[in-house]
Number of protein chains: 2
Amino acid sequence: MARTTGSHSEITGPRIRAAALRLFARHGYAAVSMRQIATEVGVQAGALYNYTADKQSLLFSLMRGHMDELLAAHAALGQGGTPTDRLERFTRFHISFHTDRPEAVFISYMELRSLEPENFRIIEALRREYEDALESILRDGMAGGAFTIADPKIATLAVIAMLTGVNTWYRSAGRLSLDEVEQVYWDMVHRSVTG
Amino acid sequence: MARTTGSHSEITGPRIRAAALRLFARHGYAAVSMRQIATEVGVQAGALYNYTADKQSLLFSLMRGHMDELLAAHAALGQGGTPTDRLERFTRFHISFHTDRPEAVFISYMELRSLEPENFRIIEALRREYEDALESILRDGMAGGAFTIADPKIATLAVIAMLTGVNTWYRSAGRLSLDEVEQVYWDMVHRSVTG
DNA sequence: CTTTGATCTGAACGGCTGTTCAGTTATCAG
DNA sequence: CTGATAACTGAACAGCCGTTCAGATCAAAG
C-alpha cells in the first residue's frame with residue numbers, strides 16, 4: 001500500500017513543474033527565482049526542495065521530460081511507407097507536437113546554455129537522436145531517387161529550423177488552422193527536397 | 001576642438017560593449033552581472049556607468065545597433081533584378097551577415113524577453129521591417145509568376161527561420177565554406193517557393 | 001483517540017545584485 | 001609647471017539570491 005501519510009505531493013509536485021515551466025519560458029531560467037515559483041504555487045520557497053534537489057535539477061527535469069516525450073511520440077509514429085510518406089508524417093508531427101507545448105519547446109531551445117555540462121550533454125544527445133531520425137528519412141529518399149538533396153546533414157537542420165520556427169508565430173486562434181499550417185509547410189518542405 | 005582631457009572613453013567604451021556582447025550571448029542577460037562585465041574590461045563596476053545609464057540600456061543599445069546595421073547593410077544590397085535574383089541576393093546576404101556576427105544575432109533573438117516593453121516594441125518594429133523586405137520579394141515573384149507560394153506571410157517566416165538556423169551549426173573552419181553553405185540554402189529556398 | 005511521518009513554514013545563512021557617489025588618479029591645455 | 005576635467009576607484013546602499021533546517025502542521029493508519 002502506497003504511503004500517503006499527510007501527502008499532498010501528487011498535487012504540489014506537478015504544480016511546481018507547471019509554474020516553473022511557465023516562468024522559465026516567460027522570463028528565462030536565470031531571471032526566475034525559487035521564491036517566485038513558490039509564490040505561484042502558493043507555498044514557501046523551502047517547500048520546493050521536497051520536490052527537487054535544486055534549481056538546476058528542476059530545469060533539467062523539465063527539459064529531459066520534454067525530450068523523452070518528443071522521442072516517445074515520434075517513435076509511436078511508425079516507420080512504414082515511402083520516404084515521401086514518412087517525411088510528410090514527420091513534418092506534420094513536428095508541427096503539431098511543437099505547437100502543442102510551446103513553453104517546453106521554448107525552454108528546451110533557449111535554456112541549453114543554462115544547463116551544467118553533464119546535463120547539457122544528455123539533452124543534446126536526445127536532440128541528436130531526433131535529428132538523426134529525420135536525416136534517415138532524407139537519406140532513404142535520396143537513395144530511392146525520391147529526393148534530390150545536396151547535403152542531407154544540412155537539409156536536416158534546415159528543415160527542423162524551418163518547422164520549429166512555426167512556434168514563433170502560431171496561435172491556435174489565428175488566421176490559419178493547424179491543418180492548414182501543416183499543409184503549407186509540408187508543401188515547402190517537400191519542394192525543398194525535390195527537384 | 002574635442003574635449004580630450006584625461007580621456008580613455010574611446011577605448012573603454014567599445015571594450016565594454018564587446019565584453020557585454022560576448023557575456024550576454026554566452027550566459028544570457030539575466031545571468032551576467034555588471035561586475036562580470038567590468039572585470040572582463042579590467043575596470044570597477046562603477047566605471048561602466050560612465051558609458052551606459054543602466055544594464056537595460058546596455059542590452060538595448062547592443063540590440064538596436066545590430067538591427068540598425070542589419071537594415072543598413074540590407075539597404076545597400078540594392079533592389080534591381082528579377083524577384084529570383086533578389087531572393088538569391090537576400091538569401092546569400094542573410095547567411096553571410098548572420099554568420100559573421102553570431103553573438104549579436106543570438107542576443108537579438110534570445111533576449112527579446114529581457115527588454116522592457118518600450119524597448120521591445122522598437123526592436124520588434126525593426127525586425128518587422130526586415131521581414132517585410134523579404135515578403136515584398138516573394139509577393140513580386142508571385143505576381144510575376146516566378147514563385148508559387150500558398151501564403152507569402154508564412155513563407156517569409158519559414159525562409160527566415162530556415163536561414164537563421166545556419167547560425168546554430170555553422171563554423172568558419174567547418175566542412176563547408178560559406179559560399180557552399182549559401183549555395184545549398186539558396187537551392188532549398190529557391191525550390192521551396194517554386195513549383 | 002494516539003501515533004506516525006510526509007509536508008510545509010519561517011527564519012536564517014553567506015553571498016551576490018544594480019546602482020550611487022565622494023574622493024582619487026591620469027591626461028591634456030595653456 | 002598649474003589648473004581643469006574626464007575617467008576611475010572603492011566603499012556603501014537596500015534588496016534579492018539559492019539553500020538549509022528546526023519546528024509546526026496535517027492527514028491517514030492503527
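User: Is E135(B) buried or exposed?

Analyst: E135(B) is buried, at 8% relative accessibility, where buried means under 20% relative accessible area, exposed means over 50%, and partly exposed lies in between (1.4 Å probe, protein chains only). This is a predicted model, in which local features need pLDDT of at least 70 and side-chain atom pairs count only at pLDDT 80 or more, while totals for chains, interfaces and linings use all residues. Residues are numbered from 1 along each chain as its sequence is written, chains are lettered from A and ligands numbered from 1 in the order in which they are written, and side-chain values use heavy atoms, with hydrogens and water left out.

User: Which residue forms a salt bridge with E135(B)?

Analyst: R139(B) does, with the closest N and O atoms 2.7 Å apart; a salt bridge here is a side-chain nitrogen of Lys or Arg within 4 Å of a carboxyl oxygen of Asp or Glu. Both residues lie in helix α6 (residues 117–144) of chain B, 4 residues apart, about one turn of the helix, and helices (H or I, at least four residues) and strands (E, at least two) are DSSP runs numbered from the N terminus. R139(B) is partly exposed, with a relative accessible area of 43%, whereas E135(B) is buried.

User: And what does R92(A) pair with?

Analyst: R92(A) forms a salt bridge with E88(A), and their closest N and O atoms are 3.0 Å apart. The two residues sit in helix α4 (residues 83–100) of chain A, 4 residues apart, about one turn of the helix. R92(A) is buried at a relative accessible area of 18%, and E88(A) counts as partly exposed at 25%.

User: What about R92(B), which residue does its side chain meet?

Analyst: The side chain of R92(B) meets that of D179(B) in a salt bridge (3.8 Å, N to O). R92(B) lies in helix α4 (residues 83–100) of chain B and D179(B) in helix α8 (residues 178–192) of chain B, so the pair ties together parts that are 87 residues apart in sequence. R92(B) is buried, its relative accessible area being 17%.

User: How are the two chains related?

Analyst: Chain A can be laid on chain B with an RMSD of 0.0 Å by a turn of 180° and a shift of 0.0 Å along the axis, copies being superposed by least squares on the C-alpha atoms of residues with pLDDT of at least 70 in both. That is the relation of a two-fold axis. The same surface serves both copies, since 100% of the contact residues of chain A recur in chain B.

User: Changing topic, what is the secondary structure of chain A?

Analyst: Chain A has 8 helices and 0 strands, and its C-alpha atoms fill a box of roughly 60 × 40 × 35 Å, taken along the principal axes. Buried residues make up 48% of its 195 residues.

User: Last one: where is N167(A), and what is it in contact with?

Analyst: N167(A) is found in the loop between α7 and α8 of chain A, and N167(A) is buried, with a relative accessible area of 16%. Leaving aside neighbours within four places in sequence, N167(A) is in contact with H98(A), T99(A), P102(A) and V105(A). The C-alpha atoms of N167(A) and H98(A) are separated by 7.0 Å, although these residues are 69 residues apart along the chain.

Notes:
Contact means heavy atoms within 4.5 Å.
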